[in-house]
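Please read it alongside the sequence and the model.

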There are 2 protein chains.
Amino acid sequence: MKRMPECLAHMDEGIGRVGEIFPDLPVQEVVLTRLLLLVGGNLLGELERDLKPHGLNESDFRTLMMIYSRGSATPTELCEYAQQGATNMTRIANALVKAGLITRATSAEDRRRIVLSITTAGKRMVRKILPPLFPNVHGAFASLTTNDKRTLDRLLRQIAVNLDSLTQPDSRP
Amino acid sequence: MKRMPECLAHMDEGIGRVGEIFPDLPVQEVVLTRLLLLVGGNLLGELERDLKPHGLNESDFRTLMMIYSRGSATPTELCEYAQQGATNMTRIANALVKAGLITRATSAEDRRRIVLSITTAGKRMVRKILPPLFPNVHGAFASLTTNDKRTLDRLLRQIAVNLDSLTQPDSRP
DNA sequence: AAAGGATATTTCGCCAGTGAAGTAATTAGT
DNA sequence: ACTAATTACTTCACTGGCGAAATATCCTTT
């Protein structure tokens, strides 16, 4: 695998060439899109690499952390906020239950519902996994100033909202 | 599915709670990581939604565009720059060949190699697919100023390089 | 209180991506 | 010039995720 700078140069070159053929091509935006996909993908890959030794993948981990931060949650809640399909949630819950990190219990008030709760083993797992991730998380943004990070935060949130309203254009009463 | 602002608020809240339990948690960086994963994922989803009617997925499309921009390429070249496994490249090439968008030919100088070249149907497909994407690409960054975009470009490239050297720490002679 | 509609979760079948092993062609070492 | 190592691509088996349909419970209306 080539190193990143060459990879980026190649991308710029390719988009540049296509831009000559399609004068309307919004070159800057296309580059940003590809950069976001690239960075997102690498970040995901790095995270999964760190999690694999513990037998978890990124969505398992994210789900575990969401349950951890609230103590318990229903699959639907988790789907809402983790933008996952319900189908997938079932499988993730199965895996976490099987690993003894969470428990499944049917809700008393609404027996359609399942309540997923973290176990002590689950909490222990979080304590084991989380801190070793800090250096890498830090490393990813090492060359950015605090100000850079604040700006990045702001811009990413804007893009997230833009994308959201692209997909669901103003479905408000 | 909840709207984006609620989703972001929920994320901030969750990370905040975890940050209280783990004082060393680099909150700002974790938030940025999650934002990048979120935006990357949504961007990918949007793109795939636009491509599906044409029978292509994102990696098919990316590969087609790379071949388009150079006229032809070998699977290995494409893997290098598109950070895809060779395995996957085989399948993608199969799909594109089957759709008549590219051709496969063995190289004359090195008979281990395969040369993938775009066909006229492939070029036609690019002309058909690409322009309708422009509005969405534009929309994703609509609320950003030109300066914002330049900054974002710079920061994303830095992160990309940081991640790269996290993974392959200075393997230079 | 019975029927129709809504909601929560699961099951099923499909597509995309990956690692490990396999095959074929080239290059390097002696 | 012959073996060994390398490189290019493919095949196979497996995991992760998704959409559509199935199931079970709840809510609403009559």
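The radius of gyration is taken over C-alpha atoms, and the globule rule is 2.2 Å times the number of residues to the power 0.38. By that rule a compact globule of 173 residues would have a radius of gyration near 16 Å, but chain A has 20 Å. The model is predicted: local features need pLDDT of at least 70, side-chain atom pairs count only at pLDDT 80 or more, and totals for chains, interfaces and linings use all residues. Residues are numbered from 1 along each chain as its sequence is written, while chains are lettered from A and ligands numbered from 1 in the order in which they are written.

**Chain A**

- Chain A holds seven helices and three strands, where helices (H or I, at least four residues) and strands (E, at least two) are DSSP runs numbered from the N terminus.
- The order of elements in chain A, from the N terminus on, is α-α-α-β-α-α-β-β-α-α.
- Along the principal axes, the C-alpha atoms of chain A fill a box of roughly 65 × 45 × 30 Å.

**Helix 1 against helix 2 in chain A**

- The axes of helix 1 (residues 4–21) and helix 2 (residues 27–51) of chain A come within 10 Å and cross at roughly 145 degrees; axes are lines fitted to C-alpha atoms, for helices over the stretch in contact, and angles run from 0 to 180 degrees between N-to-C directions.
- A:Met11, A:Asp12, A:Ile15 and A:Gly19 of helix 1 meet A:Val27, A:Val30, A:Val31 and A:Arg34 of helix 2, with contact meaning that C-beta atoms, placed from the backbone, lie within 7 Å.
- The residues of this contact divide into five nonpolar, one polar and two charged. Ala, Val, Leu, Ile, Met, Phe, Trp, Tyr, Cys and Pro count as nonpolar, Asp, Glu, Lys and Arg as charged, and the others, Gly among them, as polar.

**Chains A and B**

- Chain B superposes on chain A by a rotation of 180 degrees with 0.0 Å of shift along its axis (RMSD 0.1 Å), fitted by least squares on the C-alpha atoms of residues with pLDDT of at least 70 in both. That is the relation of a two-fold axis.
- Of the residues of chain B, B:Gly40 comes closest to the rotation axis, at 2.5 Å (C-alpha).
- The contact takes 67 residues from chain B and 67 residues from chain A.
- On the side of chain B that touches chain A there are 38 nonpolar, 17 polar and twelve charged residues.

**DNA strand C**

- Around DNA strand C there are 19 residues, of which A:Thr76, A:Thr90, A:Arg112, B:Thr87 and B:Arg111 come nearest; a residue is near a strand if its C-beta atom, placed from the backbone, lies within 6 Å of it.
- Helix 5 of chain A gives the largest share of this surface, four residues.
- By class, the surface near DNA strand C has four nonpolar, ten polar and five charged residues.

**DNA strand D**

- DNA strand D is surrounded by 20 residues, the closest being A:Thr87, A:Arg111, B:Thr76, B:Thr87 and B:Thr90.
- Helix 5 of chain B gives the most to the surface near DNA strand D, with four residues.
- That surface divides into four nonpolar, ten polar and six charged residues.

Technical notes. Two residues are in contact if their C-beta atoms, placed from the backbone, lie within 7 Å.
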